[in-house]
Amino acid sequence: MNNILLFPLDPLPVAEWIEAATSWLTTTFSGLFDVIQSIGSTVMNSVNDVLLWFPPFLFILLVAVLAYFATNRRFGVPVFVLLGLGYVLNQGLWSQLTQTITLVLISSLVSIIIGIPLGILSAKSKWVHIILKPILDFMQTMPAFVYLIPAVAFFGIGMVPGVFASVIFALPPTVRFTELGITQISTELIEAADAFGSTPWQKLFKVELPLAQATIMAGVNQTVMLALSMVVTGSMIGAPGLGRDVLSALQRAQVGSGFVAGLAIVILAIVVDRITNGFASRDK
């Protein structure tokens, strides 16, 4: 009786609305989803094949050299790369590592390609900012597992739905940091660019984006790390890689195997974080 007095309306059929919308999208755009699934699978398999084509020791050495230059020629991170990726190779997880790198790489690239232009638009247009803000809030606060449901409905199982869910989860930082970097630029510098007769495109590419580069790179770093954090979650819908080994160990209660695969993910996360952070801070 108290519940009726507090809220006398019948429950809204939100679940039915969402299911109807998802069913309509799946039916209406099934051809498009099939094309994306086919192209995405081809691209990701090709990237993974390229990574596997490199001899593991050469790949580890190249990543160590990249880390050396990214961290201003310091040896700490390169040594960690050699030891950490050497551990992954020693544990027989190399193919799973390349699959995980492929998933994170594609997810991050798609998020960056979409996120930076959206961040620029949001910084330039008040209405775009008003529209994007609640959408980004929703994307960041919704539990990551929820994104798996439409991913499976649209693309089935495999790496493509894993990328789809990862992009939704990892996109907001790039958008927000790009907007933040541009809006924090001094108005005096913008006025000076206008005084010299810069066109909007010249002002964007020669003043705003270079000055906002450090902030944008910080957003890219967060996007990459969020994409990596979806590795285990994505394995629940068939995404291959180290996450699948963790999930398999969880299902079988194999503590040792789960720890080995989990430690490999931690090592990859640290390597990626140090390299991207290194490039982000070089020009500060």
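This is a predicted model: local features need pLDDT of at least 70, side-chain atom pairs count only at pLDDT 80 or more; totals for chains, interfaces and linings use all residues.
## Thr102 in helix 6

Thr102 is part of helix 6, which covers residues 94-124. Thr102 has a relative accessibility of 0%, so the residue counts as buried; the cut-off for buried is under 20%.

Which residues is Thr102 in contact with, once neighbours within four places in sequence are left aside? They are Met44, Val47, Asn48, Leu51 and Met159.

## Helix 6 and helix 7

Two packed helices are described by the angle between their axes and the distance between the axes. For helix 6 and helix 7 (residues 126-141), the axes come within 5 Å and cross at roughly 120°.

On the helix 6 side, the contact is made by Leu118, Leu121, Ser122 and Lys124. These residues meet Lys126, Val128, His129 and Leu132 of helix 7. By type, the residues of this contact divide into four nonpolar, two polar and two charged.

## Val224 in helix 12

Val224 is found in helix 12, which runs over residues 213-229. Is Val224 buried or exposed? Its relative accessibility is 9%, so Val224 counts as buried.

Not counting residues up to four places away in sequence, Val224 touches Val104, Ser108 and Val272. The C-alpha atoms of Val224 and Ser111 are separated by 8.9 Å, while the two residues are 113 residues apart along the chain.

## Annotated transmembrane regions

An unreviewed UniProt entry places the feature "transmembrane region" at residues 50-70, 77-94, 100-123, 144-171, 224-243 and 255-272.

Two of these spans can be described from the model. Residues 77-94 are 83% helix and 0% strand, and the end C-alpha atoms of the span lie 20 Å apart. Residues 255-272 are 100% helix and 0% strand, with the end C-alpha atoms 26 Å apart.

## Confidence of the model

The average pLDDT of the protein chain is 84, and 95% of the residues score at least 70. Among the elements of the chain, helix 6 has the highest mean pLDDT, at 91. The lowest mean pLDDT, 53, belongs to helix 1 (residues 2-6).

Key: Residues are numbered from 1 along each chain as its sequence is written. Side-chain values use heavy atoms; hydrogens and water are left out. UniProt positions are given in the numbering used here, feature names are shortened, and annotations may be inferred rather than shown by experiment. Helices (H or I, at least four residues) and strands (E, at least two) are DSSP runs, numbered from the N terminus. Buried means under 20% relative accessible area, exposed over 50%, partly exposed in between (1.4 Å probe, protein chains only). Contact means heavy atoms within 4.5 Å. Axes are lines fitted to C-alpha atoms, for helices over the stretch in contact, and angles run from 0 to 180 degrees between N-to-C directions. Ala, Val, Leu, Ile, Met, Phe, Trp, Tyr, Cys and Pro count as nonpolar, Asp, Glu, Lys and Arg as charged, and the others, Gly among them, as polar. pLDDT is the predictor's confidence in each residue, from 0 to 100.
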